[in-house]
Amino acid sequence: MAIRLLYSGAATAHRLVRWHPKIPQLFRAYAAVQSLPEPASSDLVNDLSRILSDYRSPHHDIQSALPPFSSEISTNLVEQVLKRCKNLGFSAHRFFLWARSLPGFQHTVESHHILIEILGSSKQFPLIWDFLIEIRDSKSCEISPKIFWLVFRAYSRADLPADATRAFSRMIDFGIVPSVDDLDQLLYLLCKRKHVRHAQEFFDKIKMDFFPTTKTYSILIRGWGEIRESGNARKLFDEMLERGCLVDLLAYNSILDSLCKGGNVDEAYNLFRELRSKGLQPDAFTYSIFIHAFCEANDIHSAFRVLERMKRYKLVPNVFTYNCIIKKLCKIDKVDEAYELLDEMLDRGVLPDVWSYNAILAFHCDHNEVNRALKLISRMDEYECQLDRHTYNMVLKMLIRVGRFDRVEKVWDGMEERGFYPSVSTYAVMVHGLSKKRGKLEEACKYFEMMIDEGIPPYTVTCELLRNKLIGMGFAEQTEILADKMERSTSCSIQEISNIMRGNRPHTTSKCEEEYSDDSDD
């Protein structure tokens, strides 16, 4: 996460209003629920977030940097900092402990939940259990089922399904008798990460101790569909009927979805035809299942036939269904029809999201259609759709590739006006792209230095690329200047990778860098 310092409260407020013209109304809407921090608190959030970013590794001495903020700490401030730094597990945990040690300070329930989510994201599972035991013994916070749902999700995301089910069994140790809702959460999170077999095995083991509902079965049925095993989904559906569960539209939609994803569209259609005879009316989601199936099968005409049928029944697809069709239209070079679908969405009250626009933008960028790409961005601004890093990265990469450097600068300058601050991937687009263009090596260095000034640790592959380009062009002394600048950074992580700029340490590429590098070589 890029942590950017905002230097004045007034500037912060001004940026917020420019980012979203309806922000004053939003402030009023939330006023009855919570008191918003003063502008000065925004500066504190940024300052503390920068420290957590700079001291992110286990061996960094973050404790020495926090005392100046002791008198400013509040529960609201701690929550905001933790939310901002969800990818900084070690430093977020130590910040939490430091705040707890302050005289008279007590964390909120929300802060405890945020920290558990952070520790889970960084796979610090021993710390999670130590933390939960400490909470239980000290009674500093109520241990609710929601806390365990966060633990289930963390283990599922870490591809540790056995640990997720063991966590379910440990709920009783913390005074919680698991309910069917807790079981549903566990099964849903396992299936979401495609640990369906493990979820099914656990369900078969404990289902006699609970009263599985239609929702429970629907979760597993949908899970089998996600891994294209519609046969197992059908078995579960039949079991649900045998157990006398009320088979509602949710259950039918789940089996229809699983059958379609398993390639059994004809069987799904036969089941669909039974719905009305059973007193069930298909909803928008029911039809969207077939639209997604036809798009995946490259049968765009059938997808449009389903769309027309929905219109007859006055059913409106959601944005995800429209996006599915838009993406497929762009892949088959029918971008004009994709634009027509954008217009239809607006006419029917469905607001296109950033993915709607990015699907079309990707087509324009792949075909080097500069004017159409920039016009689409203007349309996004017109409808107050916030551009994301994918939007900027695609456009900047295209503009550099075709040599439209005047437009590059304009797009870059427009980021702050829209309330977007570039992360490491966007800076990498600039440095990688410019360093490969004749006469633009100095510009590449400028963006690299901006990244260092912002406290954003660059990819090691970016350091090596820039170093090699500079040496190859006879500017070896510039690598030392950049390395010196990195060593003076307040970010310990940037200080450590300064050796790469000096060529003193072998290159270790992370998975995300490999993915970026593959994507950026044009």
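Helices (H or I, at least four residues) and strands (E, at least two) are DSSP runs, numbered from the N terminus. Axes are lines fitted to C-alpha atoms, for helices over the stretch in contact, and angles run from 0 to 180 degrees between N-to-C directions. The model is predicted: local features need pLDDT of at least 70, side-chain atom pairs count only at pLDDT 80 or more, and totals for chains, interfaces and linings use all residues. Residues are numbered from 1 along each chain as its sequence is written, and side-chain values use heavy atoms, with hydrogens and water left out.

The chain has 30 helices and 0 strands. Of its 522 residues, 50% count as buried (under 20% relative accessible area; exposed is over 50%, partly exposed in between; 1.4 Å probe, protein chains only). Contact means heavy atoms within 4.5 Å. Among contacts between residues at least 6 apart in sequence, 66% join residues at least 24 apart.

The chain mean is 88, and 89% of residues reach 70 or more. Residues 1-40 stay under 50, with 48 contacts beyond four places in sequence in the model. Residues 514-522 are also below 50, and this stretch has 14 contacts beyond near neighbours in sequence. Where pLDDT is low, predicted coordinates should not be read in detail.

The axes of helix 26 (residues 460-472) and helix 27 (residues 476-487) come within 7 Å and cross at roughly 145°. Cys463, Leu466, Arg467, Leu470 and Ile471 of helix 26 meet Ala476, Gln478, Thr479, Leu482 and Met486 of helix 27. By class, this contact has 7 nonpolar, 2 polar and 1 charged residues (Ala, Val, Leu, Ile, Met, Phe, Trp, Tyr, Cys and Pro are nonpolar; Asp, Glu, Lys and Arg charged; the others, Gly among them, polar).

Leu466 also belongs to the largest nonpolar core, which holds 164 residues. Such a core is a set of buried Ala, Val, Leu, Ile, Met, Phe, Trp, Tyr and Cys residues joined through side-chain atoms within 4.5 Å. Ile73, Phe95, Ile326, Ile360, Leu396, Phe448 and Leu466 touch the most other members. Beyond four places in sequence, Ile73 contacts Leu48, Val78, Phe95, Trp98, Ala99, Leu102 and Phe105.

Leu183 lies in helix 10 (residues 180-192). Leu183 is buried, with a relative accessible area of 0%. Its contacts beyond four places in sequence are Phe168, Phe202, Ile206, Phe210 and Thr216. Leu183 and Trp149 are 34 residues apart in sequence and 9.6 Å apart in space, C-alpha to C-alpha.

Methods: pLDDT = per-residue confidence, 0-100.
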